[in-house]
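Hi,

Here is the structure I said I would pass on.

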Amino acid sequence: MTETGADKMWARLAAEDPARAARLQRGLKKRYAREGRFKLYGILAVSVAIGFLLLLLGRIIEQGHTAFYANQMTVQVYMDPARIDRAYPQGTNFQQMVAQQQLARLGETDDAQGTKATAYRLLISSELKFRAADLIRNDPSLIGRTVEITAPVSDEADLYYKGEITRETAAEQRRVSDEQMAWLDGLKRDGHVSTTFNAQLFTNGDSTEPELAGVLGAVVGSALMLLVTALIAIPLGVGAAVYLEEFSRKGRITDLIEVNINNLAAVPSIVYGLLGVALFINWMHLPRSSPLVGGLVLALMALPTIIIATRSALKAVPPSIREAALAMGASRTQTVFHHVLPLAMPGVMTGTIISMAHALGETAPLLLIGMVSFVPGIPGAIDEPAGALPSLVYIWENASERAFHERTAAAILVLLAFMIVMNAAAILLRRRFERRW
Amino acid sequence: MKLPFFRSPDGREGGGSADPTERRDESVLTPAPEAAGVMAGRVPEVKSPSAPAGPTKIAARDVSVFYGDKQALYDVSLDIPDKTVTAFIGPSGCGKSTFLRTMNRMNDTIQGCRVTGKILMDGQDINARSVDPVLLRAQVGMVFQKPNPFPKTIYENVAYGPRIHGLTTSKAELDGIVESSLKKAGLWDEVADRLHSPGTGLSGGQQQRLVIARAIAVNPEVILMDEPCSALDPIATARIEELIDELRERYCIVIVTHSMAQAARVSQRTAFFHMGRLVEHGNTEEIFTNPRERRTLDYITGRFG
């Protein structure tokens, strides 16, 4: 119906002035074409962006998913009274002992230097030693008996089981010999190897041994650091913005301050790191590598962003609300805290979320204040040495053990998950604020 | 309950003539005899012909307002009587809103704004150092052009003023103030069952009445209205006008309006502003039927403006 209507309209136009109708029709066609082209550019841009994102995520997941499960071996351990010191069980070389017992079970004879036992020992994680020592400490009567112990295989053995190292890999590029592969195959064939979820990745701190390394220390470090950052940057930033926007007399000085804040937001983060070293560590003597110093530096970095976002959120509150409150006899402070700031809250939260997410992923300043050092424990307070997730990624990526590479990707995934959880919480909070009004 | 704000030294309320220097220019109010016939049928009909009911509430003397270097108002002197509706009319940018805002010192909130001259409320200079603008605004309520309820519940909107000024001591007392304010504003019947739903969910006219209820909840003496109906439809406008007429019995009301008909309908006194100057003022009936100034006649008959 509209078709015929439009056709009729064109027919009438053409009857009145054919040249004008043709010109109109050409112009219309061009206009629609331009609109279509513009839409196409938009779709292309969005698809490219999504494509890259998927590529990045896909690559990380592909590289990292293997870190989330690990292979364990179950072995019979004869607690040899000749080798175990009752008073100091953890001094025993359990790995060597187990390796020799395993070789004996296979009926292999070792040379005088124990070359084969050493090679077998490299397939067993030092976790086995800790577990065996724990068992004996809890129950010394186990000495002289045979106990079944389950422990992770070593990182190289794990890589073999995961198919990252195969017999086809050139010999000089792998650290697992054909002989070791045969032993591993044997273990698996006899059902002594089980594949389980790698819980240690989430319960352990960093370690020099990949199969024992976990992200918990870095997660706690990052969380403590962000806590410090949030506690300092949010009140300070919001307060400064409220003062500048609502209370200060606009003039040359506020202009100068505004320009400086905008410039500070663009200062490279490594410069903030240098400032942190000079100010917090060298001058104030705060503990190096601690979440306290990290949080302080990140707070300095986050401040300009929070101030700018808060100011623009305050500017967006309609002046009629301020007038209404002032005309009711509310003081300036009451006006701001009863009406203006609550209305600006969603905008303030958005700015805060962005700056916190930024702070979480920031690495450069952490390099300077010593948060890239190897910290095996899990920090318990903000003044204890700690790592952070981005610096853990940096450390693991640079590690020589190949098994750390899959863990690097896993750490990146954990970092992303941390960020998503944090942002989701903040968005939920913001929603709540929005609904109240 | 009144705020312990300023009173005339002798304790009289609304004794505008307490200032002995005040000069009353009665001649201004005397209507000029000519031109009455010329305008018949062309000017809006005056519906509230009664003369001012109260004594002078606010007396402005040589008030000038500057925004930076620009002067917006030139030497305005005007008496505003109590228990009366005074309308300010004039073309856009003529200074009527600026003058209105000097009466509760809302111009203080604009950076670079300067007010000279004297504004006396009950004989007391409201620009004096000893007068707290916050307390002044509790006595001089204001209603704006666009309804601007707080984005809170209806109850919270009305309760806000009494709360910040500490006027009530109990929840029951506050409830009472909210109810009586909403009743005075003619909104109670419409919102009694949804006091705790958002005030921004009301219609424009209801919002404006809510804002009026909010203003009268602190029991002010003066209510300033800056084009309160310009964003409303004719029915809502009629309700607000009725309300203004009812409120006149208790308050001194000053209303800025662009609608000549509205000025004629609701006000007893009218002041005409042009180019930042007060051109003419007097009883509404006289201004509309028998203006002394040519410019006033031109404006109210729609020849410019």
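Below is what turned up when I went through it, starting with the place where the chains meet.

One thing to keep in mind: this is a predicted model.

**Where A meets B**

Chain A and chain B bury about 1800 Å² between them, and carbon and sulfur atoms account for 62% of that. On the chain A side 20 residues take part in the contact, and on the chain B side 24 residues do. Looking at polar links across the contact, I get six residue pairs in polar contact (both at pLDDT 80 or more). Helix 13 (319-327) and helix 14 (332-361) of chain A are the elements that give two or more residues to the side of chain A that touches chain B. Helix 13 of chain A gives the most there, with seven residues.

How many salt bridges run between chain A and chain B? The count is one. In that salt bridge, the side chain of Glu323(A) meets the side chain of Arg101(B), at 2.7 Å from N to O.

**Chain B as a whole**

If you want an overview of chain B, its secondary structure comes to 12 helices and 10 strands. Chain B has 305 residues, and 57% of them are buried. Among contacts in chain B with a separation of 6 or more, 72% are between residues 24 or more positions apart. As for the surface, chain B exposes about 12500 Å², with 51% of it supplied by carbon and sulfur atoms.

**Salt bridges within the chains**

Over all chains, a search of the whole structure finds 27 salt bridges. Here are some to click on.

In chain B, the side chains of Lys57(B) and Asp122(B) form a salt bridge at 3.0 Å, N to O. This pair links distant parts of the chain, 65 residues apart: Lys57(B) is in strand 1 (residues 56-67) of chain B, and Asp122(B) is in the loop between strand 4 (113-121) and strand 5 (124-125) of chain B. Both Lys57(B) and Asp122(B) are buried.

Another chain B pair is Glu190(B) and Arg239(B), whose side chains meet in a salt bridge at 3.2 Å, N to O. Again distant parts of the chain are linked, with Glu190(B) in helix 7 (residues 188-191) of chain B and Arg239(B) in helix 9 of chain B, 49 residues apart. Glu190(B) counts as partly exposed because its relative accessibility is 27%. Arg239(B) is partly exposed too, at 33% relative accessibility.

Over in chain A, salt bridges that share partners join Asp158(A), Lys162(A), Glu406(A) and Arg407(A) into one network. Within that group, the side chains of Asp158(A) and Lys162(A) meet at 2.8 Å, N to O. Both Asp158(A) and Lys162(A) are buried.

**A nonpolar patch on chain A**

Leu53(A), Leu56(A), Leu57(A), Ile61(A) and Leu416(A) make a nonpolar surface patch of about 410 Å². Which element gives the largest share of the nonpolar patch? That is helix 2 (residues 18-64) of chain A, with four residues. Leu57(A) is found in helix 2, and at 31% relative accessibility Leu57(A) counts as partly exposed.

**A few single residues**

- Gln102(A) sits in helix 3 (residues 94-106) of chain A. Its relative accessibility is 10%, so Gln102(A) counts as buried. The side chain of Gln102(A) makes a polar contact with the side chain of Arg105(A) at 2.5 Å. Leaving out residues up to four places away in sequence, Gln102(A) touches Val75(A), Gln76(A), Tyr120(A) and Leu187(A).
- His285(A) is not a glycine, yet has a positive phi of about 55°. You will find His285(A) in the loop between helix 11 (269-283) and helix 12 (291-315) of chain A. Is His285(A) buried or exposed? With a relative accessible area of 63%, His285(A) is exposed.
- Glu227(B) also has a positive phi, near 45°, in a residue other than glycine. Glu227(B) lies in the loop between strand 7 (222-226) and helix 9 (234-247) of chain B. Glu227(B) has a relative accessible area of 10%, so it is buried.
- Arg250(B) is in the loop between helix 9 and strand 8 (252-256) of chain B. Arg250(B) counts as partly exposed, at 48% relative accessibility. Not counting residues up to four places away in sequence, Arg250(B) touches Lys83(B) and Lys184(B).

Cheers

Conventions
Residues numbered from 1 in each chain as written. Chains lettered and ligands numbered in written order. Predicted model: local features only at pLDDT ≥ 70, side-chain atom pairs only at ≥ 80, totals over all residues. Heavy atoms only, no water. Patch = residues over 30% accessible without salt bridge, like charges linked within 9 Å, V, L, I, M, F, W, Y side chains within 5 Å. Areas by Shrake-Rupley, 256 points an atom, 1.4 Å probe, with all protein chains shown as cover. Salt bridge = Lys/Arg side-chain N within 4 Å of Asp/Glu carboxyl O. Buried < 20%, exposed > 50% of the residue type's maximum accessible area, 1.4 Å probe, protein only. Contact = heavy atoms within 4.5 Å. Buried area = accessible area lost by both parts, 1.4 Å probe. Polar contact = N/O pair within 3.5 Å; in protein donor to acceptor, adjacent residues only side chain to side chain.
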